[in-house]
Amino acid sequence: MAAAPAVRDDGRVVAPVVTSLGHAGLRIDAPHLTMLCDPWMSPGGAFLGSWFPFPDNSHLRRADVLNADWVAISHEHLDHLDLDLLRELPERVRIVVPRYPAPEMVQRIRAAGIRNVLIELRSWERLALNDRGDWVTVIQELSPMCHDSAILVVAAGHAILHTNDARLSVAQLRRAAQEAGRPLDLMGVQMSGASWHPICYEYPPEVVASISADKRMGKFKALSRLLRAAPPRTVMPYAGPPCFLDPVLVHHNERMAPPGIFPDTAQAAAFLRSRLPGMAVEPLMPGDRIDVGTGVVDRDPRWDGFSLAGGAHDGTLDAGLPDPLRDYLREYAERRAHEVAAVYAANPDPPRGSGLSQRFADHFTELGTLSDYFLHRIGMTVRFVVTGDDGGTWDVELGPSECRVDLTGSTSHPGYQITVEARWLDAVLMGRVRWEDLFLSLRISAWRDPDRYNDYLVGLLKHADAGALAAVESFEAERNPNDSVVLTDGDHGWQVSRYCPHAGEDLTHGAVIRDGVLRCLGHNFDFDLATGECLNARCDPLVTRPLGSPAVVP
């Protein structure tokens with residue numbers, strides 16, 4: 001793919017051109033810079049062969065597209081960190097990643113045999129990309145519980161913010177513009193879900209639909225509020241949805257249609273245009289290019305006649321996916337059938353006597369030594385129902401003061417249950433994938449009682465690193481509960497903690513109040529304003545009081 005001309009007819013330098021590589025992948029071409037951001041193009045997909053780019057972007061896996069000076073990777077999720085693709089890049093290509101409390105990302109890159117120069121950046125630390133004034137920085141989420149970052153690139157005097165999966169605060173977005181010294185020219189925003197809840201939970205269909213609709217609309221509204229508070233010149237919805245080509249998982253493709261949690265970019269763009277009528281909204285298909293200076297889009301002819309699920313209407317669908325899209329997904333699955341089969345072959349069902357149960361017990365015994373702080377906040381027994389020849393029912397008591405593994409599964413009232421095939425659990429225990437990879441693969445089912453999200457359980461499993469867990473503990477211990485803000489709901493006013501006790505979202509801009517409940521828009525945690533209690537997750541309470549009354553400190 002030839003880059004757009006770098007110089008106008010009158011000799012002046014032009015703005016960068018950004019090419020969509022599909023999913024969250026971008027290519028940036030500027031007069032003195034070529035950079036790839038989060039390219040995910042390997043034919044084997046991600047997360048145990050469950051996720052594949054939608055639509056298929058394999059036509060861009062070419063030397064002229066991948067030839068670049070730099071690659072920036074936002075975080076270690078395998079739909080952003082494409083290790084197979086990185087292995088194929090010339091060694092002269094330099095790789096930029098955020099410096100997270102845990103070394104997982106760097107370890108994965110090095111374990112994959114990638115020997116390119118690797119540069120880690122702290123939040124807001126600038127890296128010069130050349131001697132012409134182009135630079136890059138990363139913007140990490142406020143809480144170290146979430147290892148997600150946006151990437152800010154300033155090239156040829158223009159600012160491109162690639163948010164990936166990072167949930168930025170209004171303050172962070174405004175600072176990005178200040179750092180760039182100009183309004184953001186192009187901002188990519190992730191508007192499709194990446195969660196195994198509620199679709200892997202053993203809820204009735206109507207409950208799955210209700211929770212999914214709430215999550216979909218919550219993400220849409222939160223992003224529209226963020227963009228309204230600090231508007232870029234052009235916004236580009238992206239990062240999904242993934243599609244599912246394994247016959248076991250193919251039913252999840254229906255979740256592109258409302259109320260599913262995987263809306264496509266056409267539906268996301270329709271919503272943003274309805275809420276932000278004065279803002280330029282440009283969804284790009286793989287291979288489409290946008291001139292950052294003018295906003296003019298050059299469409300890849302490959303997609304002539306192709307329509308996304310929400311492409312023909314206003315982003316709403318009354319009858320699920322259109323038949324042509326189902327046909328496209330069926331043909332796509334046929335092309336990738338051998339890749340899915342290879343994942344199963346690489347992860348065989350462990351035979352009886354393989355020692356799976358003992359590896360499981362050893363694994364959790366080690367996890368239980370990493371953080372007393374996390375154990376105390378988990379405080380439940382998690383049951384694993386493992387299917388396969390060497391499976392069983394195994395209980396793990398995680399806190400409040402110790403970790404104990406019971407391979408007889410005799411706990412009377414576990415608080416959480418995960419059902420998983422032995423082959424996929426073995427992949428985690430042997431280090432081929434991580435817990436979060438397994439969860440995101442959707443190759444599990446789960447239930448919990450009480451039905452409340454426990455961030456500390458997920459955090460322990462996904463980080464599995466003492467340094468990362470200690471960083472979360474320090475972050476949460478350093479918050480000042482006396483720092484407050486006044487919020488109103490009609491005629492009622494409330495003085496509440498300024499920062500959400502979960503992940504530190506500034507509630508000055510990141511909260512809405514309705515019917516006595518405050519919702520933090522960072523991660524959709526709900527708090528009862530009368531008591532401060534978190535209603536839908538395991539979280540410290542919010543300090544709150546009605547105006548004119550003593551503070552409620554649970």
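**Terms and their grounds**

Author: β22 and strand β23 (residues 492-497) are paired in the antiparallel sense over six bridges. The model is predicted: local features need pLDDT of at least 70, side-chain atom pairs count only at pLDDT 80 or more, and totals for chains, interfaces and linings use all residues. Residues are numbered from 1 along each chain as its sequence is written, and side-chain values use heavy atoms, with hydrogens and water left out.

Reader: What makes β22 and β23 a pair?

Author: Two strands pair if DSSP finds at least two bridges between them, and β22 and β23 have six. Within this pairing, Val486 stands opposite Gln495 in β23.

Reader: Why are β22 and β28 called edge strands?

Author: The open sheet of three strands runs in the order β22-β23-β28, with antiparallel pairing. β22 (484-489) and β28 (544-546) each pair on one side only. From one strand to the next, the twist averages 25°.

Reader: Why is α9 called oblique to α11?

Author: The axes of helix α9 (residues 356-367) and helix α11 (residues 422-429) come within 10 Å and cross at roughly 45°. Angles under 35 degrees count as roughly parallel, over 145 as roughly antiparallel, 65 to 115 as roughly perpendicular and the rest as oblique; α9 is therefore oblique to α11.

Reader: Which residues make the contact between α9 and α11?

Author: Under the criterion of heavy atoms within 4.5 Å, the contact is made by Leu356, Arg359, Phe360 and His363 of α9 together with Ala422, Leu425, Asp426 and Leu429 of α11.

Methods
Helix = DSSP H or I, 4+ residues; strand = E, 2+ residues; numbered from the N terminus. Axes fitted to C-alpha atoms, helices over the stretch in contact; angles between N-to-C directions.
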